[in-house]
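Here is a short report on one residue and on how two chains meet. Look at the structure first, then read on.

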Number of protein chains: 2
Amino acid sequence: MTTADVRALRDLLPEGRVFDDVDVLEAHRRDRAGFCPAGTPAVLVRARSTEDVSTTLEWAHRNRVPVVPQGARSGLSGAANALDGCILLSLEKMDRILDIDVSEQVAVVQPGVVNGVLAAKVAEHGLFYPPDPGSRSISTIGGNVATNAGGMCCVKYGVTGDFVRGLEVVLADGRVMRTGRRTAKGVAGYDLTHLVVGSEGTLGVVTEVTVALRPAAAQPLTAVAFFPTIADAVRTVAGYLGEGYRPSVLEFMDRPTVNAVQKIADLGFPDGMAGMLLVQSDRGDAAPGELAAFEEVARANQASEVVVADDPAEGELLMQARRLVGDAHEQLGLTVLVDDVCVPRRNLVNLVEGLGRIAEQYRVQVLCAGHAGDGNMHPVVAFDSDDAKETVRAHQAFDAIMELGLDLGGTITGEHGVGHLKRRWLGEELDEAALSAQRAIKAALDPHNILNPGRVFPDQEEFTA
Amino acid sequence: MTTADVRALRDLLPEGRVFDDVDVLEAHRRDRAGFCPAGTPAVLVRARSTEDVSTTLEWAHRNRVPVVPQGARSGLSGAANALDGCILLSLEKMDRILDIDVSEQVAVVQPGVVNGVLAAKVAEHGLFYPPDPGSRSISTIGGNVATNAGGMCCVKYGVTGDFVRGLEVVLADGRVMRTGRRTAKGVAGYDLTHLVVGSEGTLGVVTEVTVALRPAAAQPLTAVAFFPTIADAVRTVAGYLGEGYRPSVLEFMDRPTVNAVQKIADLGFPDGMAGMLLVQSDRGDAAPGELAAFEEVARANQASEVVVADDPAEGELLMQARRLVGDAHEQLGLTVLVDDVCVPRRNLVNLVEGLGRIAEQYRVQVLCAGHAGDGNMHPVVAFDSDDAKETVRAHQAFDAIMELGLDLGGTITGEHGVGHLKRRWLGEELDEAALSAQRAIKAALDPHNILNPGRVFPDQEEFTA
């Protein structure tokens, strides 16, 4: 963009939307993914209305300028990183909850509403917004929609997309479309709602989201179990769910992860265990029975200790252990690459055993925690990034983990998205026909390839302004 | 298609796939929608494998011959009716259950598997496939996927699409793609699974479906309540759900519908009521409480009588009343047009009151039953089709019902699909940008417009061979 371009865009938008100070741009160049390039943006547009977004895209479409939509930049795949010469289109200031409809159990929100803020607000009405990505205290609904974010509740309630009923989306050329519906059901035309969910800013910019809510669940009961081997822990997961129980949380942490967490908060977890499971039931009167059944399956799988929290507060403390995992990685004093493979639950044992082999083969540390109930693990490759050779090996290990996930009938990304980080891998997961259908849809909806170009798809030429 | 064309296609496919006898073609010309034109097909291809489908589409794509995919032809929107000169592509013989994975709680099936057959088979493994369209004893999973079929369980469990994890789809040009995944979560690339679900055979032909299952639910308890006015009944729906209960069934029937049902099976329902609700809870120990709460809300809304079934068998008998609605319409001795509007629950009162006005204005009978818990009603316009003027008024009433649904913030179709029947109306529900995005996707995936051309979209030129 030339100086004249910036002026032209500024003239089209209301006061206080277009920023090009170096410091502001620098502060908005990156999301939280490691090892993804971030270019130098031309401007930042802080949209405050659908019209702002429409005006910006219409101009960018006409002038062939790439646009990178951004929320809270808490993503883990580089999809919100700047591209050279791009417009960073921030939706953060579109942060109003427009409606909470108690009767229909839906909420209508702008994309910049923070997940945790929405969850707290609907709780005041006796309602429940389940999707709870680890980032929920900072990440926005718009970002959650862009990545189809998961979280801990998914094992019972499903992911973000399962709660999205309808969207307002600004198309690449600036036209505004509504998708989906506000009603419980509806099949009029193609489901563009779920096409846009998870499209990581490449098909349109979401300016309004209608989400389904549920009645508030009971306060959860919590239990933890400790195992002598990781295999025992993950076998418990498949065994317990196979019996038909539906816990609201079923998380795994291996010992190195627990050790790192305990450097931040000493939870008094025992030594001499290889991994632990954390389980919650929010079924009210049925919860104690659901946890007793968990204890039984865990003990049958060699659990050395099972602790059921006496009250919700103690349970919340145990949950903190899982929530601190991200911060705990910083205690390692190493650089980390966070993976996100998801495999059929019965293959979890093979996955965790394979992680051990990969750590050995590439001589890097591989920690593991994750949403075991979904088969969605976040293996973490930890390495010394000052050591060039180790860095290379770390990236090889990261790739080997995705290959292992695919070999086990899984996916390269359960909930973080492809973004930049995994685009080389998309072609390994999708067949040629599916990949070409996806490209055809991208070309149909964004013919000049201005929306987050170069993200998601492998080998696609990056847009250079 | 010329005789030479038919021979060419027959030569490409294995023995016993291509049929052109007049009787066979005639028997496959129509689905169950009234008032939708059915053309004269050129041939029927009975696919027995993905390869058969691929070969047929590749040939049709090359030769620009329209293809109409068919399952059990139980659809209600005309989407499976023949087009002149088309290939009817029947998936009925691809009816194998390929896998039931108890650990991962998924099943993999061919499209011709009948819904009720799948449900019964997974029940043998202690699992549950909830989507239960009224046609479940005859309709196929492929057809359910094509229309994103609903049913009675939706109020608690959601529709077909909520249970589809992945598909094998043959694209218009014969290439085979896999979409989605087998794992609980996955966000690699665009969600083509849900783009194809509900696309009524216009984007590809589904040859394999991976569905999510749930642990078996408890045997449901059933209750019915009778109300002096329809408004009292539907107010009960919003009130009950608004208190946070999650019944597994919550159905409404008005008095004329009940009367018609009782001509088939005398259920001893009282006279002097305007409508009834039928509710089930499958929450096991919690079910009696859930039904007691229903009774309380119903009585607060003037219910004259509430009956809780003593045992599952009695409950099943009550459910028969709802299942007989389709057959009961035949007892009227009139022609019927079945509508499928879905509105926000709080507007159900306005919907049923509006139906009364429409019946009066157009001097036709309008009966009403439906999935009240979802706000998804099936108003039925009953009329004498030998009376040309009444027939015109009936169609006007049918249209007026959709207009009313839209005015109340609803959709023209909750679960039956657009097909031929409602394509004129799609443009009333969708905005210009959404409609053009849908057309762009159709053109991108089916450039020669051979897949069920003229269905779903309004004003699209019908393919003529």
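In this predicted model, the backbone nitrogen of A:Val418 lies 2.7 Å from a polar atom of the side chain of A:Glu200. A:Glu200 sits in the loop between α7 (192-196) and β10 (205-212) of chain A.

B:Lys185 forms a salt bridge with A:Glu415, and their closest N and O atoms are 2.7 Å apart.

| Between chain B and chain A | Value |
|---|---|
| Residues of chain B in contact | 73 residues |
| Residues of chain A in contact | 73 residues |
| Salt bridges | six salt bridges |
| Buried area (accessible area lost on being put together, 1.4 Å probe, summed over both) | about 5600 Å² |

Carbon and sulfur atoms hold 57% of the buried area. B:Lys185, B:Val187 and B:Tyr190 supply 17% of the area that chain B buries against chain A, more than any other three residues.

How are the copies related? A rotation of 180° with 0.0 Å of shift along its axis superposes chain B on chain A (RMSD 0.0 Å). The two copies are thus related as by a two-fold rotation axis.

Residues are numbered from 1 along each chain as written, and chains are lettered from A in the order written. Local features need pLDDT of at least 70, and side-chain values use heavy atoms, without hydrogens and water.

Notes:
Predicted model: local features only at pLDDT ≥ 70, side-chain atom pairs only at ≥ 80, totals over all residues. Least-squares fit on C-alpha atoms with pLDDT ≥ 70 in both. Helix = DSSP H or I, 4+ residues; strand = E, 2+ residues; numbered from the N terminus. Polar contact = N/O pair within 3.5 Å; in protein donor to acceptor, adjacent residues only side chain to side chain. Contact = heavy atoms within 4.5 Å. Buried area = accessible area lost by both parts, 1.4 Å probe. Salt bridge = Lys/Arg side-chain N within 4 Å of Asp/Glu carboxyl O.
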